[in-house]
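Welcome! Here is a short tour of one protein model, with a stop at its aromatic rings.

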Amino acid sequence: GSDMHLRKVVERWVSYLARGVYSVVSLYDPQVVLIGGGISQQKELYPMLERTLEKYNFWDALRVPIQPCQLGNQAGRLGAVWLAKQKQ
């Protein structure tokens, strides 16, 4: 049913995200990967992403922590408020 379809869509999206994370980590060698926005608050994202990344060659050697941004989905809004206050 629709639950199975939704699960496949989410798994595909996580696979695209994993590919992007893997590419960035392998190119730039960051100390941590931070994920922002509303999706960063979804706790089930991180284990799914980690399971997907473990399928990549050399992920064990490249592995870095993947964490939500501290401000999560509020960063854009707080930045806009800060900018507006600076212009007063």
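## Aromatic rings

Rings of Phe, Tyr and Trp (its six-membered ring) count as a pair if their centres lie within 6.5 Å; planes under 30 degrees apart make the pair stacked, over 60 edge-to-face, and the rest tilted. By this rule there are two aromatic pairs. In one of them, Tyr22 and Tyr56 are stacked, at 4.6 Å centre to centre and 25° between the planes. Tyr22 lies in helix α1 and Tyr56 in the loop between α2 and α3 (59-62), so this pair ties together parts that are 34 residues apart in sequence. Helices here are DSSP runs (H or I, at least four residues), numbered from the N terminus.

The rings of Tyr22 and Trp59 have centres 6.2 Å apart and planes at 45°, so that pair is tilted. It links Tyr22 in helix α1 with Trp59 in helix α3, 37 residues apart.

Buried means under 20% relative accessible area, exposed over 50%, and partly exposed in between (1.4 Å probe, protein chains only). Trp59 is buried at 0%, and Tyr22 is buried at 16%, while Tyr56 is partly exposed at 25%.

Thr52, in helix α2, is buried too, with a relative accessible area of 17%. Leaving aside neighbours within four places in sequence, Thr52 is in contact (heavy atoms within 4.5 Å) with Val14, Ser15 and Ala18.

## About the model

This is a predicted model: local features need pLDDT of at least 70 and side-chain atom pairs pLDDT 80 or more, while totals for chains, interfaces and linings use all residues. Residues are numbered from 1 along each chain as its sequence is written, and side-chain values use heavy atoms, leaving out hydrogens and water.

Conventions
Helices (H or I, at least four residues) and strands (E, at least two) are DSSP runs, numbered from the N terminus.
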